[in-house]
Amino acid sequence: MGKNNGNNSYLKSPDLLPINHRERKIGVMGFFAMWVGMAILLATFDIGASGVQSISLPWVVLATLIGCIAVGIFISIVGDIGVEHGLSFPVYMRAPFGILGTHIPSLARAVTASFWFGLNTYFGSTAINSIIHTINSGFDNWLLCYILFALVQLINTASGIKWVERFADFAAPIIIILSLVIYHTLTSDIAASGGDVWAWAESPVTGGAAITAFMVVIFANMGFWATLGCDIPTISRFFKAPKYERNWFKRNKTNLIGSLIAMPLTETFMIMIGAAAFMVAGSSNPVIALQETASGWMLAILLLMIVLTQWSTNTAANIVPAAAIFSNVLGPKVTNAIAVFVVGIVGTIIQPWSVYEILTQALLFFGAVLSAISGILVVDYYLLRKRRVNVQELYQHVGQFTYHGGVNIVGFIAWVLGGFAAILLMDYSFIVGFVVAGAIYYVLAKYWYFKKFPQDEIENPNDEKYLGITVGRDWVIDEDKGDRQTEIS
């Protein structure tokens, strides 16, 4: 019994308990502002630069909008897990992967998020280095800038989700204004040299090659946000939502407006900046392009925007989700604040800046691996459980989600096969991984595995017993006792 309770306390780490209605602080404008910051980063610029090497900017913009809206739909769909039940990604993953099995796919996401933290911090540190160099020409130490910039971001995130939102609210209007100035600066330079930013392509292609290039831009955008598509519940559990709201769209309004309006518009504009930077300097890195087109205080101000965007992206899209996962894996003694610094250490050790030259290919690979997880989550939550979750059992060492020694074998079969199929068809990785993994999971779970391991919410579908905010429930988990009945607030 002692062992069981110990394991239960491990599953019931305070940072992993369901978020109640009073603790949900992020509204529509808050998440909108977070998306403005999250969508502006080095990978976004790189997609724009890669696109205009083969097709003109109007086609790159259209492909970006298609990809962003498509992945925004997936993000909103998966986000209902957090809105409805207040559950984070690694906790809900105990359902399709098992209470122990959750760690492996969750760590895949955490390491990916740490990768982006390191890359974005490096990008921001080069901008800081350039700002200081502009003021003091004798200074040139990007590593020192990296360490200081990393610490500031980690401290901001460790202070809590409300401080992450507050920074986003502060940074968003500044980012919008400065990004407009950057775009004007770059396009003016292009026009002065007789170029047309909307007609130019480095090596134009036609026919099938143009279609392929168009599709690569679509799936590169989807592949990048497949990372957040997986673990959006970790953020969406903090979204304000009305109790007793049966309408899915009204309940998920915050996520829908952010993911289907703020993200596509912001990402598309940043794609345009990346394309313009490539036309000016032969590089998607706006830091390099701006150094060629601006100087003095103007250069310093524009580079400040780069710093703010990397900061805003890292806190919400990378550090928060990854910290929740590391807290889940490393146990209750590792608080969220400690886990935040684990993200920083892992992201730095990986040295992701060394793979910058193959960033678009890396995006497609990440999309392949993580889209399969998204497909499994959607099928498990919507098609099998129909949004009903036996939340109490997610926190029990011996119970419904123990499966084979804590591992749901079907989840891993679907993930491996779906991910492998997506890697084989890399240009279309997100949709292939999502569909293949989801279909395999559905068939094996419904017709074999869940007959062997019955799931209460599937066998006895009861809204009052297994839904969350829709029926006005705050899930309450007893941290001291074993199994207990659901409590309704």
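Colleague: Is arginine 385 buried or exposed?

Modeller: Arginine 385 counts as buried, because its relative accessibility is 0%. Buried means under 20% relative accessible area, exposed means over 50%, and partly exposed is in between, with a 1.4 Å probe and protein chains only. Before we go on, this is a predicted model: local features need pLDDT of at least 70, side-chain atom pairs count only at pLDDT 80 or more, and totals for chains, interfaces and linings use all residues. Residues are numbered from 1 along each chain as its sequence is written, and side-chain values use heavy atoms, with hydrogens and water left out.

Colleague: Which residue forms a salt bridge with arginine 385?

Modeller: Aspartate 380 does, with the closest N and O atoms 2.8 Å apart. A salt bridge here is a side-chain nitrogen of Lys or Arg within 4 Å of a carboxyl oxygen of Asp or Glu. Aspartate 380 also counts as buried, since its relative accessibility is 0%.

Colleague: How many salt bridges does the structure hold?

Modeller: It holds 11. Some are joined up: Asp80, Glu84, Arg251 and Arg387 are linked in a network of salt bridges.

Colleague: What does glutamate 84 pair with?

Modeller: One partner is arginine 251, at 3.3 Å from N to O. That pair links distant parts of the chain, as glutamate 84 is in helix α4 (residues 57–85) and arginine 251 is in helix α12, 167 residues apart. Helices are DSSP runs (H or I, at least four residues), as strands are (E, at least two), numbered from the N terminus. Glutamate 84 also forms a salt bridge with arginine 387, where the closest N and O atoms are 2.4 Å apart. Arginine 387 lies in the loop between α17 (359–384) and α18 (391–394) and glutamate 84 in helix α4, so this pair ties together parts that are 303 residues apart in sequence.

Colleague: And are those three buried or exposed?

Modeller: Glutamate 84 counts as buried because its relative accessibility is 1%. Arginine 251 is buried too, at 3%, and so is arginine 387, at 14%.

Colleague: New topic, rings. How many aromatic pairs are there?

Modeller: There are 26 aromatic pairs. One of them is phenylalanine 31 with phenylalanine 239: the ring centres are 4.5 Å apart and the planes are at 55 degrees, so the pair is tilted. Rings of Phe, Tyr and Trp (its six-membered ring) pair if their centres lie within 6.5 Å; planes under 30 degrees apart count as stacked, over 60 as edge-to-face and the rest as tilted.

Colleague: Where do phenylalanine 31 and phenylalanine 239 lie?

Modeller: Phenylalanine 31 is in helix α2 (residues 28–38), and phenylalanine 239 is in the loop between α11 (233–236) and α12 (248–251), so the pair ties together parts that are 208 residues apart in sequence. Phenylalanine 31 counts as buried at 0% relative accessibility, and phenylalanine 239 counts as buried at 2%.

Colleague: Which residues form an aromatic cluster?

Modeller: Phe401, Tyr403, Tyr441, Trp448, Tyr449, Phe450 and Phe453 form one.

Colleague: Which charged residue lies over the face of tryptophan 163?

Modeller: Arginine 166, at 4.6 Å from the ring centre. A charge sits over a ring if NZ of Lys or CZ of Arg is within 6 Å of the ring centre and within 35 degrees of the ring normal. The charged end of lysine 446 also sits over a ring, that of tyrosine 447, 5.9 Å from its centre.

Colleague: What about the surface: which residues make the nonpolar patch?

Modeller: Trp142, Leu143, Leu144, Ile147, Leu148, Leu151, Ile155 and Phe341 make a nonpolar surface patch of about 690 Å². Patches are made of residues with over 30% relative accessible area and no salt bridge: like charges are joined within 9 Å, nonpolar side chains (Val, Leu, Ile, Met, Phe, Trp, Tyr) within 5 Å. Accessible areas come from the Shrake-Rupley method with a 1.4 Å probe, and for residues only the protein chains shown count as cover. Helix α8 (residues 142–158) gives the most to the patch, with 7 residues.

Colleague: Last one. How many disulfides does the structure hold?

Modeller: It holds 0 disulfides, a disulfide being a pair of cysteine sulfur atoms within 2.5 Å. For cysteine 230, the nearest cysteine sulfur is that of cysteine 68, 17 Å away. Cysteine 230 is buried, with a relative accessible area of 0%.
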